[in-house]
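Here are my notes on this one, point by point. Have the model open while you read.

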Amino acid sequence: MPDYIGAIDQGTTSTRFLIFDRSGRPAACAQKEHRQIYPQPGWVEHDPEEIWRRTQEVIVEAMEQRALRPADLAALGITNQRETTVLWNRKTGRPVAHALVWQDTRVADYIPELSRTGGADRFREKTGLPLSTYFSSLKIRWVLDHVPGVREQAQAGDVLFGTVDTYLVWQLTGGIHGGLHITDCTNASRTQLMDLRTLDWDADLLRAFDIPRAILPKICSSSEIYGEAAWEPVQGVPIAGILGDQQAALAGQACFQAGEAKNTYGTGCFLLMNTGGEIVPSKCGLLTTVAFQTKGQPARYALEGSVAITGALVQWIRDNFGLIGQSAEIESLARTVEDNGGVYFVPAFSGLYAPYWKHNARGIIAGLTRYTNKGHLARAVLEATAFQTREVVEAMEQDAGVPVAVLRADGGMVENDLLMQFQADILDRVVVRPAVKETTALGAAYAAGLAVGFFQDLDELRSRWAVDRTWKPAMDPRRRERMYGFWKKAVTRSFDWLETGE
């Protein structure tokens, strides 16, 4: 058995390739960003061909770091930004349009139309999801409706749909020369086209969204040998694990037992709680989703609270306003002041996700005075992440009936000590950071490794999890609730900023 597992981690802003050894530690890593394309307000696109090029580049670079050959890899796992929607021509391999990113809101006008029968929760019982701009279903329909000739090509069997995992597997396994057209059940559960119980595409949902079944990939488990890579730098390596990025982080944090929860602080924030084999419907604005499934075993499910903009807000302050030169500088700028100066930043750039699901909300900054300076704004940017996380934690505890005693935190923002301490303070909960911080890629490596016997079982993976750092709450309770009250007030100001149709 080779000594390494490779994991492609294709995220919203960059693509990485990590190579893990048998202890689950990173042995090599390469990362490259790709463009964020904003053709109009509310539109967010990626170039799928650029993502494929970046994927190839980082694989080659990471392999060269350790002078590895394909035979040195036991398997490849893939984790990916989820709802982002790619459609391409099966004969040419060329995308029919740019990918519509999960943050893209151009499909908002479809929601009132589909809500007339059954309301915004019309499909929630079957899919665990409300009608929203977030999921793939409406993005697929938009491309079919608005890109000339695509619906006709789709009906002729010449167009394929996939989330980014599907597109990458197809490319890796041969593309137009017999590439596999598959996805796993975690990614499929984010399309709003799969029945959570059957783990298959649902005819009634496809009819409601006017999407032909022929364009959809085969749904597989999250951990099985799908096929071998045909692309030369990893030729012959089994592709054996696929997980949506947040489910991958849940696995990487070893949250395999019901009641265990993690929060990933990335472009957005995504808090998942494992609910075991039970499909728990949400009454508090959360999503019900597939957590993972190993081949031949029943699926495990999760409750999820999705926050659209967290780390992306730091990036926005950096790129659009030049307030900082690099994202890491936000912490030192925030430390130039003792508190937020009464400033609250609600980053509803793409509407509000959990627990509100208000697609017509928009971002606001509240509490500005002549006293406000850029340090206060930097604090408000960081605190927005922690406030939104508290809202999701409270909703999750109500839905699951289980308290979140300890929050396992991962993602790029967990390196920010100021944010992590404020998170513990505003939550009044202990927050822990794992010893291996690359939990998303690690989860994909775990899924692939289990399928090929590189890792023995879940108990082995659970035994590897260890804490790197712990933050304990230290804020006065009166101050905590006063700040949270102001945050709630600011959030309400962002509601219904746009009228329907704007």
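1. Just past helix α1, Ala67 takes a positive phi of about 50°. Helices here are DSSP runs of H or I with at least four residues, strands are E runs of at least two, both numbered from the N terminus.

2. Some ground rules: this is a predicted model, with local features needing pLDDT of at least 70 and side-chain atom pairs pLDDT 80 or more, while totals for chains, interfaces and linings use all residues. Numbering runs from 1 along each chain as its sequence is written, and side-chain values use heavy atoms, leaving out hydrogens and water.

3. The length of α1 (residues 48-65) checks out: its 18 residues should span 26 Å at 1.5 Å a residue, and the end C-alpha atoms are 26 Å apart. The expected span is 1.5 Å times one less than the number of residues.

4. At the start of α1, a side-chain oxygen of Asp47 comes to within 3.0 Å of the backbone nitrogen of Glu49.

5. Now the sheet. It is open and mixed, with 7 strands ordered β17-β18-β16-β15-β21-β22-β23. β17 (287-292) and β23 (467-471) are the edges, each with a single partner strand, so one side of each lacks a neighbour in the sheet. Pairing requires at least two DSSP bridges between two strands.

6. Strands β15 (residues 261-265) and β21 (residues 406-410) run parallel over 3 bridges, and Lys262 sits opposite Arg408 in β21.

7. Helix α13 (residues 417-427) packs on this sheet, touching β15, β21, β22 (430-434) and β23; contact means heavy atoms within 4.5 Å.

Methods. Polar contact = N/O pair within 3.5 Å; in protein donor to acceptor, adjacent residues only side chain to side chain. Axes fitted to C-alpha atoms, helices over the stretch in contact; angles between N-to-C directions.
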